Amino acid sequence: MSEPLHHLLERNACKYPDDPAVRHPATDVTLTWRELNAGANALAHFLTQNGVGKGDKAAILIPNQPEFITAFFAILKTGAAAVPINVRLTPAEINYILVNSDSCAVIFEESLRAAAEQALAPEIKVTLSTKDFASLKERFSTEDPGLPATVYDPAEIIYTSGTTGKPKGVLLTHNAVYCVGSMIAYETGIRYRDRVLHLMPLTHSAPLNLFVIGATYAGALNITGTFTPQALLELVSQERATHFFGAPVAYLLTLKLPNFDRYDLSSVKRWTYGGAAMSREQVLAALNKYPGSFMSLYGLTEAGPNGMAMYPEEHPRHAGSVGCRGSVNTATMLVDDEGRPVPAGEPGEILIKSPSLMLGYYKNEAATRESFLNGWLKTGDIARRDEEGYYWILDRKKDMIVSGGVNVYPKEIEDVLIRHPGVADVAVVGVPHREWGETVLAVIVPKPDQKPTLEEIRAFAGNYLADFKLPRLLNYTEIIPRNASGKILKQEIREQYLKAQKN
């Protein structure tokens, strides 16, 4: 039986008041469960007294640090839903999410004040900087608000881009997030007083819903920071981390460090990876270097995220697969375009069924309907199942690019690049990248007597898009291939690029 997510924090404050709850090594700040709960309570009372309540949405623009977790639980305590926003987005992108989510409040890190203020919409009635957090406990009650909440109330809206190029808000209930948080604690063996390291952005569903909630569920310590290869080694060693989740690129880049072997990584019980494909060779390379065991996670934000897991003992034979069965409380199947199960060896789309599935895309009923088939979530991922039942991802129905575990959508980039004064036509595709899984290739038809460089294209697009969406490669062409309906033949573009790379 699940419960409202903030009850996990309140129970830990009662059970383990003086145990560490969250630590930020960069500033040497550690909060106990009592302190974390008290801070969240004071913030919740502030929000409530300023009109934030049940049914509202409140945005969080804070990087990986204790204030993010404080703000997240505080919003839930008011009965509102949290809207985490990637701190790397531009003000225009932030504004879109604030407006689309109907957020009435924004809690931001002081260093992001300029971006937050540029992004504000008229509907925002409450703003608060993290620099004001300390004074809240002097001005507002630190007792639990005790406001009514049910497990079926919305807990959060996580934004993930759609094929139209506009971000879509995935609406998840307390029950859905509780299901995936408790699932990952069970699957990865997170236990009381373990030390879970969070270096991937907490604005993404896997770090937040799986590992922050999973650690809180178990009474483990949350260690926050920002990923760099060196930071991963240093923090695991210094903080004696027991669990870490990262995109494949996090592991691959860290493997390249010449001082890798100087660090003691023996404290880690479970390394977990997901968010992008990882080849068998890359998985085995990581297995040979990192001490401890590896687990592969496959799933979608729309499922909590939830889906499949591949366990440590399965890696030697099946590395590169995403597993052969759904994780706890989850079922998967492979179907053809008509929704019929496909036999082993045949390609099909992965479907997921779980109590962690989203209510739907916020204010997008059409996209919600398209995402479900008889109660199953359609992933858009094409895979084949081998004779032993293991799923192997082949491709995606949609043209989503996954670069370093982050979803990037071509049309959003195309819509910006076509506005460049030197671009007559454009197509954006994902092409293979050894470390990042995929990277962004822009193919442009220049206007007469113009030929913008990659640097110029990136500088222009950087005014509208986050840096991880910017093209890393640029090719020129006389015509963008299209079919009779005018749709870009992106597979043809990819094949042309790969052929040129071989020559």
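Helices (H or I, at least four residues) and strands (E, at least two) are DSSP runs numbered from the N terminus, and the expected span of a helix is 1.5 Å times one less than its number of residues. The structure is a predicted model, in which local features need pLDDT of at least 70, side-chain atom pairs count only at pLDDT 80 or more, and totals for chains, interfaces and linings use all residues. Residues are numbered from 1 along each chain as its sequence is written, and side-chain values use heavy atoms, with hydrogens and water left out.

Helix H7 (residues 174-188) comprises 15 residues and reaches 21 Å from first to last C-alpha, close to the 21 Å expected. Of its 15 residues, 14 are buried, so H7 is largely enclosed by the rest of the structure; buried denotes under 20% relative accessible area, exposed over 50%, and partly exposed in between (1.4 Å probe, protein chains only). Just after H7, glycine 189 takes a positive phi of about 70°.

A salt bridge is defined as a side-chain nitrogen of Lys or Arg within 4 Å of a carboxyl oxygen of Asp or Glu, and 27 are counted by this rule. One of them joins aspartate 19 and arginine 193 (3.1 Å, N to O). Aspartate 19 lies in the loop between helix H1 (5-15) and E1, and arginine 193 in the loop between H7 and strand E9 (195-198), so the pair ties together parts 174 residues apart in sequence. Aspartate 19 is buried, at 11% relative accessible area, whereas arginine 193 is exposed at 56% relative accessibility.

A salt bridge also links arginine 23 and glutamate 239 (2.8 Å, N to O). Both residues are buried.
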